[in-house]
Amino acid sequence: MASSKCTRLTEALSRPLLDSVDSVLFDCDGVLWRGDQAIPGASEVINSLKKSGKQVFFVTNNSSKTRQMYADKLGKLGFDASKDEVFGTGYCSAMYLKNVCKLDGKVYLIGSNAMRQELEYVGIQPVGVGPDPISGVQKDWANIPLDNEVRAVLVGFDEHFSYMKLNRALQYLCNPDCQFVGTNMDATLPLEGGKTIPGTGCILRSVETAAQRQAQVVGKPSNFIFECVASQFGLNPERCLMVGDRLDTDIMLGSNCGLKTLLALTGVSTVAEAEANQKSECPQRQKMVPDYYIESVADILPALQA
Amino acid sequence: MADNGGCVTLRGALIRDLLDSKHNVLFDCDGVIWNGETAVTGAPEVVSLLKQRGKRVFFVTNNCTRPRENYVQKFSRLGFTDVAEEEIFSSAYCSAAYLRDVARLEGKVYVIGCGGVMKELRDAGVPVAEEEDAEPGASIYTCPLDPDVKAVLVGYDENFTFMKLAKACCYLRSPECLFLATDPDPWHPLRGGRVTPGSGSLTAALETASSRKATVIGKPSRFMFDCIASQFDVDPARSLMIGDRLETDVLFGSNCGLTTVLTLTGVSTLEEALVYRDSQEPQKKHCAPDYVIESVADFLQALDE
């Protein structure tokens, strides 16, 4: 088990690996594309996998697009993808609130319009989206009017994040019965050209610190995002392969859920980091060691075409 | 004298003996000598009597929203006579002092903070990077950076935005750029038991974005005491710290070798103090006060004699 981990996926090893799985789950950023540029050869791999009868899913921590918007982006970049195969954290948070929290009421949302749409789509009404600048003086802020139908606070990526939004979330979260959910903990959001901006993790840590409460996080590496896919499509974890570029989200998710894991080196993590985790004594770090690694997903193509 | 985090209730002769053994008394402000715009009953008299007895009195607050001259006005407004600006040590004042005297900053500081912090920086002669608000084309994806910025300071800021977070993060990519936070308080109490987000919650956002830890100026860090000691002759063994927040005031006192008193007119409770006292972890034990009082007015019984 552990002894055969972190192996370079050669063409010879690709064939048996692919034969041992029915479903392949792909992270998107750093695996299939970088910013708005597809990784060369990636779309051929996806399309070949499907032709050979494998199920393909797109699993991303990004909450700024709806499933349909993701499917559109995938389509533009040459990937054969349908909305039902896309699992972003906007959609998964909505499912979590509905099916796990069994939310009966509104949600105070720090997030995008896309998140608002995903919530409305499952019948949950969000409040708070959009710019929210400060007004009044300090003694007013603790007494801002609260919507008494709000039963949860949901935090995702929000470029309009402000002190006032942080304050509103805090006021709702002072009620211990108010649910607290976050889309993901990623500290940075990747943009094209290798640039990054602060990610949802920063916004979520800010709210957690003010409220002195921990959010229930839906995205990778939390199991929930896999369970979302698995429950809808009847997946057997042992027959699933998770392909990602981040050891702390994609590979950790795979380890947590008992999936086979493949690290693509076109994104964030490196082989050196994976090998360091492998040598470490720490059980948490051991979960961040992939079964296999590959320079790019495009390198799977020869085995598929053979 | 029991100086071991024992949470001993101060009363009677014990108060007098304690005061006799101390020359310097450091007070936190919010929740200790006032709550909002209301003085804690008896607090002005206690401060006045301590000074008459020849004690040195200092006010050590993490609240960075006012410059010192505003604090002097507040003291006066609430009935505290003869409180001099030089006796007031706020995290805003001490952050400016740190940049000027300890870091010896050569360059500008990018500030996420409020008017109080800006004023203290200007008064200390520390150059602040100007915030250009309505810059055409500026977005969270491309914000112009000032090449003279050599430090980032984060504190309570009601005008905090994602843009400021992104900008500060860009500056912090350079390892030579200093990263300071005024104080670690996650929230501040307001009237009626409500709370508002504190500097600590904004610092958490920036630490997560930059994968760097801020140097925190305010309590429980030692720096504010070092700041006092650089201007006045204060012997920790002859100094008393009176506060209402175990994780900031009492831990601060403990870190600086001061005798600590928890007053129950603010944030922390006696129950919380006892939990810290009985903990096995050293860091938690340091949050347990040596003594506990209901209110600073309890000192009047010893001072009135």
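A residue is called buried under 20% relative accessible area, exposed over 50% and partly exposed in between, with a 1.4 Å probe and protein chains only. By that definition Asp27(A), at a relative accessible area of 6%, is buried. The model is predicted, so local features need pLDDT of at least 70 and side-chain atom pairs count only at pLDDT 80 or more, while totals for chains, interfaces and linings use all residues. Residues are numbered from 1 along each chain as its sequence is written, chains are lettered from A in the order in which they are written, and side-chain values use heavy atoms, without hydrogens and water.

**Annotated aspartates, chain A**

- An unreviewed UniProt entry places the feature "active site" at Asp27(A) and Asp29(A); such annotations may be inferred rather than shown by experiment.
- Asp27(A) is found in the loop between β2 (23-26) and β3 (33-34) of chain A, where strands are DSSP runs of E with at least two residues and helices are runs of H or I with at least four.
- Contacts of Asp27(A) (heavy atoms within 4.5 Å), not counting residues up to four places away in sequence, include Lys220(A), Asp245(A) and Asp250(A).

**Annotated aspartates, chain B**

- The UniProt annotation "binding site", also from an unreviewed entry, covers Asp28(B), Asp30(B) and Asp244(B).
- These residues are spread over 217 residues of sequence, yet they cluster in space, with a largest C-alpha distance of 8.0 Å.
- The lining of the largest pocket includes Asp28(B), Asp30(B) and Asp244(B).
- Asp28(B) lies in the loop between β2 (24-27) and β3 of chain B and is buried, with a relative accessible area of 5%.
- Beyond four places in sequence, Asp28(B) is in contact with residues including Lys219(B), Asp244(B) and Asp249(B).

**Largest pocket**

- A pocket is an open set of points on a 1 Å grid over the protein atoms alone where a 1.4 Å probe fits, with protein on both sides within 12 Å along at least five of seven lines; lining residues have an atom within 4 Å of a point.
- The largest pocket has a volume of about 1,000 Å³.
- Its lining has 40 residues, and those closest to the centre are Gln138(A), Asp30(B), Asn63(B), Pro189(B) and Leu190(B).
- α6(A) gives the most to this lining, with three residues.
- The lining divides into 10 nonpolar, 16 polar and 14 charged residues.

Conventions: Grid points are joined across faces, edges and corners, and a volume is the space filled by probe spheres set on the points. Ala, Val, Leu, Ile, Met, Phe, Trp, Tyr, Cys and Pro count as nonpolar, Asp, Glu, Lys and Arg as charged, and the others, Gly among them, as polar.
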